[in-house]
Amino acid sequence: DLHPRVRRQRQMCIRDSMLLTIDVGNTNIVAALYENDNLRRHWRMATDKNKASDEYGMLITQFLLNEGVKPDEIDDVMIASVVPTVMHSLTNGVKRYLDCTPMVVGPGIKTGMNIRMDNPRELGADRIVNAVAAIHKYKPPLVIVDFGTATTFCAVDRNGNYVGGVIAAGIKISMDALFEKTAKLPKVEIIKPSSVIGRNTIDAIQSGAVYGQAGQADGIIRRIKKEIGEDATVVATGGLATMISKESDEIDKVDSLLTLDGLKILYDKNKER
C-alpha cells in the first residue's frame, strides 16, 4: 500500500488539488481552502482550548460541505499555531475527519528565510508565516505589523533576513485590562469614534484605543526603519489592520490574506518532504 501522502500526491496529478490551511490564533482560528493556487474560501471560528477533537473535526467538515467539498477531497492540511493547548484536539480532529496528517509550522519546516535571532526556535509560527509571505509578495526591506490579540512587528532587512521584531499588547488586551482594572469604566466596542476628543466616556475610551494603537504602531515602525532602512515597505495584517491603518502615517499596505498566503507558500516549499 502507498503511504497516504504519496497516494494523495498521485491523486493531485489527475485532478485539482485541495489544500486546507489553518491559522490558530489566541482569539480566532482561520481556515482557508486553496484549490490549486487559488484561495477558494476561508472561514473563522473561535479558538477554544476546551473543544474536543470531534467538535473541531465536525466544524471543519461542515465548512467544507457547505462549500460543496467532501472531506476526502482534501489532499493536505497545513497548520500554524500560537496556542499549544489547542493542537492535540485540532490535529486529531483533522486526522479523524479528513483522513490526513497535517504539516505543522515549527522546527524542521523549510522557510527559505534566514532567521537572525538569538534563538530562532523562539520565533512564533504566526510571525514566521507572515514574514515568509511578505518576502514572497513584496520587496525587502519590510516591516510586517499583525494587529491581533497581541500586536507584533517583524523586521526583514533588504537581504531578506528576518532580523527580529517587537511584541506589544493588542488593542483588545488593552481595552480588557482597562475594563478589569478600573471601577467605573465600561467595556465598549472597538470602533473609531467621530473625533479624537471624546465628549463622553465611551468615545474617550474608543479614541484612546484606536488612536493609541495607531500612534504606538507609527512610533515603533519609525524606530524599526531607522535600523533596517527608511525605504522599508510596511505591511499590516490582522483583524483590526484596516481600521488602524487608516489612522496611521507609516503603514503602506493592508494585506488581510497575508497569513493564509504564507501557509500556502510554506506548504509548497515542504510538500515533497
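In the predicted model, Asn36 counts as partly exposed, with a relative accessibility of 34%. The residue belongs to the loop between β2 and β3, and its phi is positive, at about 55°, although Asn36 is not a glycine. Asp99 is placed in the loop between α3 and β5 (103-104). Most residues other than glycine have a negative phi, and most peptide bonds are trans. Gly68, which comes just after α2, also takes a positive phi, in this case of about 80°. An exception in the peptide bonds is found between Pro140 and Pro141, which are joined in the cis form with omega at about 5°. Pro141 is part of the loop that runs between α4 and β6.

The structure contains 1 aromatic pair. Its members, Trp43 and Phe63, are stacked, with a centre-to-centre distance of 5.5 Å and an angle of 10° between the planes. The pair connects distant parts of the chain, as Trp43 lies in strand β3 (residues 38-46) and Phe63 in helix α2 (residues 53-66), 20 residues apart. Trp43 counts as buried because its relative accessibility is 8%, under the 20% limit that applies to buried residues. Phe63, at 16% relative accessibility, is therefore also classed as buried. Another contact with an aromatic ring involves Lys51, whose charged end sits over the ring of Tyr56 at 6.0 Å from the ring centre.

Helix α2 comprises 14 residues, and the distance from its first C-alpha to its last is 20 Å, close to the 20 Å expected at 1.5 Å a residue. Its buried residues are Ser53, Tyr56, Gly57, Ile60, Thr61, Phe63 and Leu64. These residues lie on the same side of α2, because the arc they cover around the axis is only 160°. An α-helix has 3.6 residues a turn, so residues three or four places apart point the same way. The elements that cover the buried residues of α2 include β1 (18-24), β2 (28-35), β3 and α3. Both Tyr56, the residue under the charged end of Lys51, and Phe63, the partner of Trp43, are among the buried residues of this helix.

Helix α3 (residues 84-98) contains Thr85. With a relative accessibility of 53%, Thr85 counts as exposed. Thr85 and Asp48 are separated by 37 residues in sequence, while their C-alpha atoms are 9.1 Å apart in space.

Helix α4 (residues 125-137) has 13 residues, for which 1.5 Å a residue gives a span of 18 Å; the end C-alpha atoms are 18 Å apart, so the two values agree. The helix is mostly covered, with 10 of its 13 residues buried. The buried set consists of Ala125, Asp126, Arg127, Ile128, Val129, Asn130, Ala131, Val132, Ala133 and Ala134. Their cover includes the strands β4 (76-81), β6 (142-147), β7 (150-156), β8 (162-169) and β9 (233-237), together with helix α8 (258-270).

Strands β6, β7, β8 and β9 are also members of an open sheet of 5 strands, in which the order is β8-β7-β6-β9-β10 and the pairing is mixed. The edge positions are taken by β8 and β10 (253-254); each has a single partner strand, so one side of each lacks a neighbour in the sheet. Between β6 and β7 the pairing is antiparallel and extends over 6 bridges. In this part of the sheet, Val145 stands opposite Phe153 of β7. The pairing of β6 with β9 is parallel, over 5 bridges, and Val143 is placed opposite Val234 of β9. β9 and β10 are likewise paired in the parallel sense, over 2 bridges. Ala236 has Val254 in β10 as its bridge partner. β9 itself is mostly covered, with 4 of its 5 residues buried.

Conventions: Residues are numbered from 1 along each chain as its sequence is written. This is a predicted model: local features need pLDDT of at least 70, side-chain atom pairs count only at pLDDT 80 or more; totals for chains, interfaces and linings use all residues. Side-chain values use heavy atoms; hydrogens and water are left out. Rings of Phe, Tyr and Trp (its six-membered ring) pair if their centres lie within 6.5 Å; planes under 30 degrees apart count as stacked, over 60 as edge-to-face and the rest as tilted. Buried means under 20% relative accessible area, exposed over 50%, partly exposed in between (1.4 Å probe, protein chains only). A charge sits over a ring if NZ of Lys or CZ of Arg is within 6 Å of the ring centre and within 35 degrees of the ring normal. The expected span of a helix is 1.5 Å times one less than its number of residues. The arc is that of the directions from the helix axis to the C-beta atoms. Contact means heavy atoms within 4.5 Å. Two strands pair if DSSP finds at least two bridges between them.
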